[in-house]
Amino acid sequence: LGHAVWCARRLLDPKEPFAVILPDDVIAAEKPCLQQMVEAYEELGGSGSMVAAMEVPADKVSSYGVLDVDKDMGNTVSAKGMVEKPAPGTEPSNLAVIGRYILDPSVMKNLHTMKTGAGGEIQLTDAIADEIGTERGVYGYRFKGQRFDCGSKAGFLQATISFGLSRDDLRGELQEFIDALSAERTAAQ
């Protein structure tokens, strides 16, 4: 991910923060997650970097970038550390980074060093973590909404069903199908 973001450097203003949205993290929310983050970012003075964050179960923590929280301010936390895919038992918290970022342009300079991290890859998490302790800082934002991991087949199907059931024009027919399928499976058992 770090290398992919670095490849977009020519498209960005080197003096302005920029957003990164990972398409496999689909978030259903009344107010879009990135909009929530922009508002929180502006409340903090519009400086530093901010990542979307959510608590995840202990057995899933090693699959994420994880924040080491310095100060918890409710929906927003300041980070004193960040670890990409920590080994089980070494994670600093269960507050995982989810695919929405508002990044200070200095992150691009950090990516330019091309240091490899977890998995021998250039990690965006490492470039963001390099900003911790600077005057700009790094923040996590606990967004309001439901996240679907569409990087997995089950997550993609869950998102599809959830979004289908939320639509007035699809809900009835989809619910009938789900009910019929469930009845068939129950009868077969």
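Biologist: What volume does the largest pocket have?
Modeller: This is a predicted model: local features need pLDDT of at least 70, side-chain atom pairs pLDDT 80 or more, while totals for chains, interfaces and linings use all residues. A pocket is an open set of points on a 1 Å grid over the protein atoms alone, where a 1.4 Å probe fits, with protein on both sides within 12 Å along at least five of seven lines. Probe spheres set on those points, joined across faces, edges and corners, fill the volume. For the largest pocket that is about 370 Å³.

Biologist: Which element supplies the largest share of the lining of the largest pocket?
Modeller: The lining has 19 residues, each with an atom within 4 Å of a point. Strand 6 (95-103), helix 4 (124-129) and strand 8 (146-149) each supply at least two; strands (E, at least two residues) and helices (H or I, at least four) are DSSP runs numbered from the N terminus. The largest share, four residues, comes from strand 6.

Biologist: Which helix gives the most to the lining of the second largest pocket?
Modeller: This pocket holds about 160 Å³. Met-108, Lys-109 and His-112 are among its lining residues, with numbering from 1 along each chain. The top contributor, with three residues, is helix 3.

Biologist: Asp-104 forms a salt bridge with which residue?
Modeller: A salt bridge puts a side-chain nitrogen of Lys or Arg within 4 Å of a carboxyl oxygen of Asp or Glu; side-chain values use heavy atoms, without hydrogens or water. Here the N to O distance is 3.5 Å. The pair ties together parts 32 residues apart in sequence. The partner of Asp-104 is Arg-136.
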